[in-house]
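Colleague: I'm new to reading structures, so could we go through this one together, slowly?
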Amino acid sequence: MAQKLISYIRVSTAKQGASGLGMEAQEASIEAYRSRIGASIVASYTEVESGKQNARPELLKALHHAQVTGSVLVIAKLDRLSRNAAFLLTL
């Protein structure tokens, strides 16, 4: 049975979100990883929000979805979760 993944993509500004700038690179990175390990992506969450904000609705949904389905949350880069190291330690 293929491993189940939940992808989370975040950009910091509305301009990046509207243009897709950065989103395509994150999607490509996650897809390359998925393909390499033979997993399946069961859901994707995308957010336009600063990494300084810890209360991000789509991140919370993605984390919950991963937990209840036994999936692994996948991100393209660690800084897509947060710019705050203390926040990363509490996940």
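Modeller: Let us begin with a term we will need: two strands pair if DSSP finds at least two bridges between them. Please keep in mind that this is a predicted model.

Colleague: How many bridges join strand 1 to strand 3, then?

Modeller: Strand 1, which covers residues 4-11, is joined to strand 3 by three bridges, and the two strands run parallel. Within this pairing, Ile6 stands opposite Leu73 of strand 3.

Colleague: What is the order of the strands in the sheet?

Modeller: The sheet is open, has three strands in the order 2-1-3, and its pairing is parallel. Strand 2 (40-48) and strand 3 (72-74) each have a single partner strand and stand at the edges, so one side of each is left without a neighbour in the sheet. On average, and with direction ignored, neighbouring strands of this sheet are turned by 25 degrees against each other.

Colleague: And which strands does helix 2 touch?

Modeller: Helix 2 packs on the sheet and touches strand 1, strand 2 and strand 3, while its direction makes about 165 degrees with that of strand 1. Helix 3, residues 57-69, also packs on the sheet, touching strand 1, strand 2 and strand 3, and its direction makes about 160 degrees with that of strand 2.

Colleague: What is Gln26 in contact with, leaving aside its neighbours within four places in sequence?

Modeller: With those neighbours left aside, Gln26 is in contact with Tyr8, Ile9, Arg10, Val11, Ala76 and Arg80.

Terms used:
Residues are numbered from 1 along each chain as its sequence is written. This is a predicted model: local features need pLDDT of at least 70, side-chain atom pairs count only at pLDDT 80 or more; totals for chains, interfaces and linings use all residues. Side-chain values use heavy atoms; hydrogens and water are left out. Contact means heavy atoms within 4.5 Å. Helices (H or I, at least four residues) and strands (E, at least two) are DSSP runs, numbered from the N terminus. Axes are lines fitted to C-alpha atoms, for helices over the stretch in contact, and angles run from 0 to 180 degrees between N-to-C directions.
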